[in-house]
Amino acid sequence: LKRAAAFGELPGRTMPLLKTGRGEPCGLFTYNYSRLPEAYRGLLLYPDPHDHTVRAYRVSAVGSTFKATEEFSLIAGGDAFRPCWVATGPDGALYVVDRGDGKNGRLLRLRWSGTDDEKELPLRPLDS
């Protein structure tokens with residue numbers, strides 16, 4: 001009896017939560033802070049330099065694991081936007097490292113400045 005799996009998983013191993021594409025050592029990041037609205041909390045964020053986006057995935061529990069139930073672009077850019085890392089800073093802002101054109105990179109800081117429906121969520125002070 002031979003065993004086969006769609007993505008080459010070994011018998012007895014847990015399947016991956018999500019296939020994100022060609023992949024780079026960027027990894028997934030879970031946003032669980034309070035400086036973005038509630039709708040953004042618990043999202044898995046994936047910086048994809050090949051697709052020039054930071055993709056967001058909403059997940060829900062399925063048994064002892066999770067399943068991606070929605071995917072959308074949180075940030076999208078042109079050819080010079082090559083995000084490679086996402087993290088939350090001590091101020092609660094979402095930081096994105098962008099490799100740019102390979103010679104010049106950027107560090108982007110995202111914060112919630114508010115909308116007509118949701119008030120601004122100020123960042124935490126760095127001196128406390």
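Colleagues, the structure is a predicted model, in which local features need pLDDT of at least 70 and side-chain atom pairs count only at pLDDT 80 or more, while totals for chains, interfaces and linings use all residues. Residues are numbered from 1 along each chain as its sequence is written, and side-chain values use heavy atoms, with hydrogens and water left out.

I begin with the overall picture. The protein chain has zero helices and seven strands; here helices are DSSP runs of H or I with at least four residues, strands are DSSP runs of E with at least two, and both are numbered from the N terminus. Along the sequence the pattern reads β-β-β-β-β-β-β. Of the 128 residues, 30% count as buried, that is, under 20% relative accessible area with a 1.4 Å probe, protein chains only. The chain exposes about 8600 Å², of which carbon and sulfur atoms supply 52%; these areas come from the Shrake-Rupley method with a 1.4 Å probe.

I turn to strand pairing. Strands of a sheet pair through backbone hydrogen bonds, either parallel or antiparallel. In this work two strands pair if DSSP finds at least two bridges between them. Strands S5, S6 and S7 form an open sheet in the order S5-S6-S7, with antiparallel pairing. Its edge strands are S5 (83-88) and S7 (106-110), each of which pairs on one side only. Neighbouring strands of this sheet are turned by 20° against each other on average, direction ignored; the angles, on a scale from 0 to 180 degrees, are taken between axes fitted to C-alpha atoms. Five bridges link S5 to S6 (residues 94-98), and Trp85 has Val97 in S6 as its bridge partner.

Strands S3 (residues 53-62) and S4 (residues 65-76) run antiparallel and are joined by 10 bridges. Val54 stands opposite Ile75 in S4. Two residues lie between the strands of this hairpin, where Gly63 takes a positive phi near 65°.

Which residues have the most contacts inside the largest nonpolar core? They are Phe29, Tyr31, Leu45, Val54, Val86 and Leu94, in a core of 14 residues. Strands S1 (29-31), S2 (43-48), S3 and S6 each supply at least two residues of this core. Such a core is a set of buried Ala, Val, Leu, Ile, Met, Phe, Trp, Tyr and Cys residues joined through side-chain atoms within 4.5 Å.

How values were computed: Buried < 20%, exposed > 50% of the residue type's maximum accessible area, 1.4 Å probe, protein only.
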